[in-house]
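Here are my notes for you to read next to the model. Have the viewer open, and try each question before you read on.

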Amino acid sequence: IPGSFVTPFDALVGRRVRREPMSLILGRREFWGLEFEVTGDVLTPRPETEFIVEEALAEMRAAILRLGVHNPTFEFGLRWLEKRTPACPVQVVLHGDFRLGNFIISPRGLEGIIDWEFAHVGDPAEDLAWVSLRHWRYHKGRQVFAGVADSAEAFYRAYEVASGRTVDPAAVNFWSVCGNLRWAIWCQAQSRRHLSGHDQSVEL
């Protein structure tokens with residue numbers, strides 16, 4: 001074996017012996033059928049993070065099947081999401097309903113966040129997207145951040161400073177589409193409860 005091959009091979013083996021991840025040694029990592037370039041500047045996608053996306057999509061598909069709804073918009077939305085699933089380098093505890101209606105605000109600023117019944121572990125981008133969904137803008141569609149600001153950029157920058165994580169616009173966009181689809185399914189389910197006679201009230 002020529003020395004020109006042995007020397008770099010030994011160097012790679014040495015990196016692995018020091019428990020450096022193979023993705024960093026190879027400089028790439030597959031995630032959801034896509035290959036990503038991996039360097040020391042990024043967090044390596046872990047296999048278990050794929051389940052976060054899978055579970056979210058499976059939950060929505062199961063809800064559609066339970067409703068017995070044949071809606072091409074729902075199917076298109078699910079397929080769009082399945083083809084664009086983002087890497088989730090870190091899992092955190094999410095609020096699950098992170099929006100203006102659940103913020104307690106006083107003249108001093110933010111006092112607290114209530115209604116944690118939808119809390120779960122997931123991609124941080126999910127909460128960041130939920131607060132800006134159209135149905136939480138309360139008829140102020142152009143004010144994309146919670147109906148109070150034209151842009152969410154200032155919020156994202158503050159989040160980056162506080163968390164030490166970089167906001168991925170593609171991941172936020174994915175969870176925005178996912179959130180809108182999820183809300184559409186919920187609305188379909190809620191209307192079905194009333195139209196079927198199960199609940200007389202149309203209040204949510």
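1. Which residues does Ala-56 touch, not counting those up to four places away in sequence? They are Trp-175 and Arg-182, where a contact means heavy atoms within 4.5 Å. Ala-56 is found in helix 3. With 7% relative accessibility, Ala-56 counts as buried, because buried means under 20% relative accessible area, exposed over 50% and partly exposed in between (1.4 Å probe, protein chains only). Now jump along the chain to Gly-122: 66 residues separate it from Ala-56, and the C-alpha atoms of the two are 9.6 Å apart.

2. A word on the ground rules. This is a predicted model, in which local features need pLDDT of at least 70 and side-chain atom pairs count only at pLDDT 80 or more, while totals for chains, interfaces and linings use all residues. Residues are numbered from 1 along each chain as its sequence is written, and side-chain values use heavy atoms, with hydrogens and water left out.

3. The mean pLDDT of the protein is 83, and 85% of its residues reach 70 or more. Confidence is highest in helix 5, at 95, and lowest in strand 2 (residues 34–37), at a mean of 67. Where pLDDT is low, the predicted coordinates should not be read in detail.

4. Next, the overall layout. The protein has seven helices and six strands; both are DSSP runs numbered from the N terminus, helices being H or I with at least four residues and strands E with at least two. Starting at the N terminus, the elements go α-α-β-β-α-α-β-β-β-β-α-α-α. Of the 204 residues, 33% count as buried. Take the contacts between residues at least 6 apart in sequence: 55% of these join residues at least 24 apart.

5. Look at the hairpin that strand 4 and strand 5 form, with two residues between them. Strand 4 (residues 103–106) pairs with strand 5 in the antiparallel sense over four bridges; two strands count as paired if DSSP finds at least two bridges between them. Which residue of strand 5 stands opposite Ile-105? That is Leu-110, while Ile-104 stands opposite Gly-112. In a regular strand the side chains alternate between the two faces of the sheet.

6. Of its 32 residues, Met-60, Leu-81, Val-172, Trp-175, Leu-181 and Ile-185 touch the most other members. Helix 3 (50–67), helix 4 (72–82), helix 5, helix 6 and helix 7 (169–195) are the elements that give two or more residues to this core. Helix 3 provides the largest share, eight residues. Pick out Leu-81 and you'll find that it touches Leu-57, Met-60, Phe-174, Val-177, Cys-178 and Leu-181, leaving aside residues up to four places away in sequence.

7. What about the second largest pocket? On a 1 Å grid over the protein atoms alone, a pocket is an open set of points where a 1.4 Å probe fits, with protein on both sides within 12 Å along at least five of seven lines, and lining residues have an atom within 4 Å of a point. About 300 Å³ of space lies in this pocket; the volume is the space filled by probe spheres set on the points, which are joined across faces, edges and corners. Its lining has 15 residues, and Ala-56, Glu-59, His-120, Glu-126 and Arg-182 lie nearest its centre. Helix 3 supplies the largest share of the lining, five residues.

8. His-120 touches Val-92, Val-93, Leu-94, Gly-96 and Glu-126, not counting residues up to four places away in sequence. The C-alpha atoms of His-120 and Val-93 are separated by 5.7 Å, with the two residues 27 apart along the chain.

9. Last, a backbone detail. Is Ala-146 buried or exposed? Ala-146 is buried, at 3% relative accessible area, and lies in the loop between helix 5 (124–130) and helix 6 (153–163). Its phi is near 60°, a positive value in a residue other than glycine.

Conventions
A nonpolar core is a set of buried Ala, Val, Leu, Ile, Met, Phe, Trp, Tyr and Cys residues joined through side-chain atoms within 4.5 Å. pLDDT is the predictor's confidence in each residue, from 0 to 100.
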